Amino acid sequence: MMGRRPLGRQFGWLWAAYAVSAYGSGLGFGALPLIAVLALHAGPAEVSALPAVGPAMGALIAVPLAPWVEFRRKRPVMITMDLTRFAAMATIPVAYAFGRLSFVQLLVISAVVAAAKIAFNAASGAYLKALVRPDDLLVANARFESTNWSSIAVGPPLGGAAIGLFGPVTTVVADALSYLFSALGITAIRGREEAPRTTDKSSVRAGAVLDGWRHILRHPGLRALYLNQVLVGGLIMATEPLLAVLLLRQLGFPPWQYGLAFAAPCVGGLIGSRLARRVVARFGRHWVFRTVGTLRAIWLIGLAFVRPGIIGLVTVIAVELAIIINMSLYTPVLATYRLEHTPKHLVARTLSAWSIGQQASIAILTALAGLLADVTSPRTALTVAGLLILTTPLLLPRDDHTPQHEPELAHSQS
């Protein structure tokens with residue numbers, strides 16, 4: 001059974017740290033848009049700017065960080081990024097308590113958290129590749145994916161209830177503390193981490209920040225998967241602030257129902273992530289990319305038909321459930337493929353490039369969706385996003401592009 005496969009005590013600490021942070025983020029799911037709507041009375045364009053402008057600024061900050069992460073020990077990087085996110089998020093309840101909270105502050109915090117998240121994920125991906133055996137990468141990634149979705153299943157309903165009882169910044173406190181506890185968990189990992197080699201002087205080359213994109217674009221399989229992922233992820237995330245306005249303001253959903261609409265379908269994440277290893281073993285990785293990659297894109301259009309009341313709530317849950325089952329099966333397979341086909345000396349830069357491209361896509365598409373919603377309506381913007389995502393399966397790889405050489409021998413690419 002995948003769930004019983006031992007991966008060692010060091011992985012256990014890393015997984016525990018990830019779980020603490022994930023559950024804190026689950027409690028704070030959509031916290032910034034909710035604060036913007038409930039505390040600052042922001043409109044659709046402003047609400048959309050939070051997951052658009054902030055992460056775009058964060059992605060720009062993360063570009064020069066990629067080589068810095070690559071050529072340093074990864075545990076100290078992860079701890080630093082966790083503490084940075086803790087400090088940034090902790091300013092929200094302080095400013096709110098003194099009546100000084102502003103929309104600009106939320107934008108700045110969104111940028112800092114986005115940059116720190118990119119750097120953290122790049123470091124953790126490189127650390128994971130060094131920590132577990134190649135045959136265990138899919139198991140490890142599936143566990144992270146399962147934890148992520150279970151945290152969203154539990155967190156938003158509790159977070160919505162806490163907001164209703166104690167105010168809009170309650171869940172931000174829990175989210176901030178989760179980063180602090182995550183840093184403590186990573187600190188508990190024992191064993192000496194080998195210092196990355198920098199004899200090729202790539203850490204100081206001006207073009208080092210672009211090496212991740214060069215690797216992705218030169219690899220036929222990664223290139224196709226990357227282009228598909230940035231569009232699918234961007235279009236799906238662009239619907240989150242639109243739904244916040246549609247459900248909370250126009251359709252009158254209370255915060256706890258808004259949280260439930262996103263939490264209940266997350267049980268599908270447990271199903272998909274636990275099936276990943278078996279499905280790959282039976283049908284192959286390329287089948288997952290083509291078939292499951294297509295299935296995760298066809299359901300988003302259903303959000304355009306949400307109505308008030310219980311029928312609307314059931315519609316959102318059904319659409320999100322279908323998307324999440326397929327996403328949670330697809331994502332660990334993609335993450336494993338990406339690590340397997342990236343040489344060790346490029347992992348952090350490749351993962352940074354991937355995340356930066358994803359954040360840029362989310363920022364651009366969310367901003368455009370917000371502007372369209374302002375000009376027309378959130379429902380119209382949801383319809384456009386649902387139609388556009390139907391074209392994304394055309395970008396999926398048609399062949400199983402597996403280079404004949406071992407990726408670790410491709411050092412000349414840098």
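Buried means under 20% relative accessible area, exposed means over 50%, and partly exposed is anything in between, using a 1.4 Å probe and protein chains only. Keep that handy, since it comes up a lot below.

This is a predicted model, where local features need pLDDT of at least 70, side-chain atom pairs count only at pLDDT 80 or more, and totals for chains, interfaces and linings use all residues. Residues are numbered from 1 along each chain as its sequence is written, and side-chain values use heavy atoms, with hydrogens and water left out.

## Leu313, tucked away

Let's start with Leu313, which sits in helix H14. (Helices are DSSP runs of H or I with at least four residues, numbered from the N terminus.) Leu313 has a relative accessible area of 8%, so it counts as buried.

Who does Leu313 touch, leaving aside neighbours within four places in sequence? Its contacts (heavy atoms within 4.5 Å) are Phe253, Gln257, Leu260 and Ala261. Leu260 is 53 residues away along the chain, yet the C-alpha atoms of Leu313 and Leu260 are separated by 8.6 Å.

## The nonpolar cores

A nonpolar core is a set of buried Ala, Val, Leu, Ile, Met, Phe, Trp, Tyr and Cys residues joined through side-chain atoms within 4.5 Å. The largest one here has 32 residues, and the members touching the most others are Leu243, Leu247, Tyr258, Leu300, Leu303 and Ile389. At least two residues each come from helices H10 (220–250), H11 (255–263), H14 (309–340), H15 (347–375) and H16 (378–389). H10 gives the largest share, 10 residues.

Take Leu243 as an example: not counting residues up to four places away in sequence, Leu243 touches Leu248, Tyr258, Phe262, Leu303, Glu320 and Leu382. There's also a second, separate core of 28 residues, with Ala126, Tyr127, Leu131 and Val139 among them. In soluble globular proteins, nonpolar side chains tend to be buried together.

## Asn141, a buried polar partner

Asn141 belongs to helix H7 (residues 137–166). With a relative accessible area of 10%, Asn141 is buried too. Its side chain makes a 3.0 Å polar contact with the side chain of Thr336. (That's a pair of N or O atoms within 3.5 Å; within protein, one must be able to donate a hydrogen and the other to accept it, and residues adjacent in sequence count only if both atoms are side-chain atoms.)

Beyond neighbours within four places in sequence, Asn141 is in contact with Leu128, Pro332, Ala335, Thr336 and Leu339.
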